[in-house]
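Here is my note on the model you sent. Please read the points with the structure open beside you.

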Amino acid sequence: MNLDQVDLGSLYRVTEVDVPKGAPQIKGQLEDIGFLPGEQVTVLRKGLLGKGPYMVRVGASTFALRQSEARMILVEALQHV
């Protein structure tokens, strides 16, 4: 699923950053701020009507993402032990 589809406050793991062809700089920017496969991510808040911007915690950092950017980040739910 994409990061813009997740439940608030739940813990997920980044599986891939999938950007449109011809936009490799966006993938590099997202990876530079920590959206790398295996990193844990949580959506803390969604903007008006559930659309962006999204307040997202990845690792120990918190960022704001546009909805279009959140759609490019594929995640999987982490199982609670």
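Is F35 buried or exposed? F35 is buried, and its relative accessible area is 0%. Keep in mind throughout that the model is predicted.

1. The sheet. Five strands form an open sheet in the order β4-β3-β2-β1-β5, and their pairing is antiparallel. β4 and β5 are the edge strands, each of them pairing on one side only. On average, neighbouring strands of this sheet are turned by 40° against each other, if direction is ignored. Trace the order on the screen before going on, since the later points refer to it.

2. How β1 is held on its two sides. With β2, β1 pairs in the antiparallel sense over two bridges. Here R13 stands opposite Q40, a residue of β2. With β5, β1 is joined by five bridges, and these two strands also run antiparallel. On this side V14 has V75 of β5 opposite.

3. β3 and β4 run antiparallel and are joined by five bridges. Within this pairing, V58 has S61 in β4 as its bridge partner.

4. The nonpolar core. The largest nonpolar core has 18 residues, and those touching the most other members are L3, F35, V41, V56, I73 and V75. Two or more core residues come from each of β1 (12–17), β2 (40–46), β3 (54–58) and β5 (73–77). As background, nonpolar side chains in soluble globular proteins tend to be buried together.

5. V56 as a meeting place. Which residues does V56 touch, not counting residues up to four places away in sequence? The list is L3, F35, V41, T42, V43, S61, T62, F63 and L65. L3, F35 and V41 are also among the core residues that touch the most other members.

6. The aromatic pair. The count of aromatic pairs comes to one. F35 and F63 form this pair, with 6.5 Å from centre to centre and 55° between the planes, which makes it tilted. F35 lies in the loop between α1 (24–32) and β2, while F63 is in strand β4 (residues 61–65), so the pair ties together parts that are 28 residues apart in sequence.

7. T42. Strand β2 contains T42. Why does T42 count as buried? T42 has 13% relative accessibility, and the cut-off for buried is under 20%. Leaving aside neighbours within four places in sequence, T42 is in contact with G9, S10, L11, M55, V56 and R57.

8. A residue on the outside. L48 is in the loop between β2 and β3. This leucine counts as exposed because its relative accessibility is 72%, and the cut-off for exposed is over 50%. L48 and N2 are 46 residues apart along the chain, and their C-alpha atoms are separated by 19 Å.

9. The start of the chain. Q5 belongs to the segment before β1. A polar atom of the Q5 side chain lies 2.8 Å from the backbone nitrogen of N2. Q5 and Q79 are 74 residues apart in sequence, and from C-alpha to C-alpha they are 17 Å apart in space.

Terms used:
Residues numbered from 1 in each chain as written. Predicted model: local features only at pLDDT ≥ 70, side-chain atom pairs only at ≥ 80, totals over all residues. Heavy atoms only, no water. Core = buried A, V, L, I, M, F, W, Y, C linked by side-chain atoms within 4.5 Å. Buried < 20%, exposed > 50% of the residue type's maximum accessible area, 1.4 Å probe, protein only. Helix = DSSP H or I, 4+ residues; strand = E, 2+ residues; numbered from the N terminus. Contact = heavy atoms within 4.5 Å. Pairing = 2+ DSSP bridges. Phe/Tyr/Trp six-rings, centres within 6.5 Å; stacked < 30°, edge-to-face > 60°. Axes fitted to C-alpha atoms, helices over the stretch in contact; angles between N-to-C directions. Polar contact = N/O pair within 3.5 Å; in protein donor to acceptor, adjacent residues only side chain to side chain.
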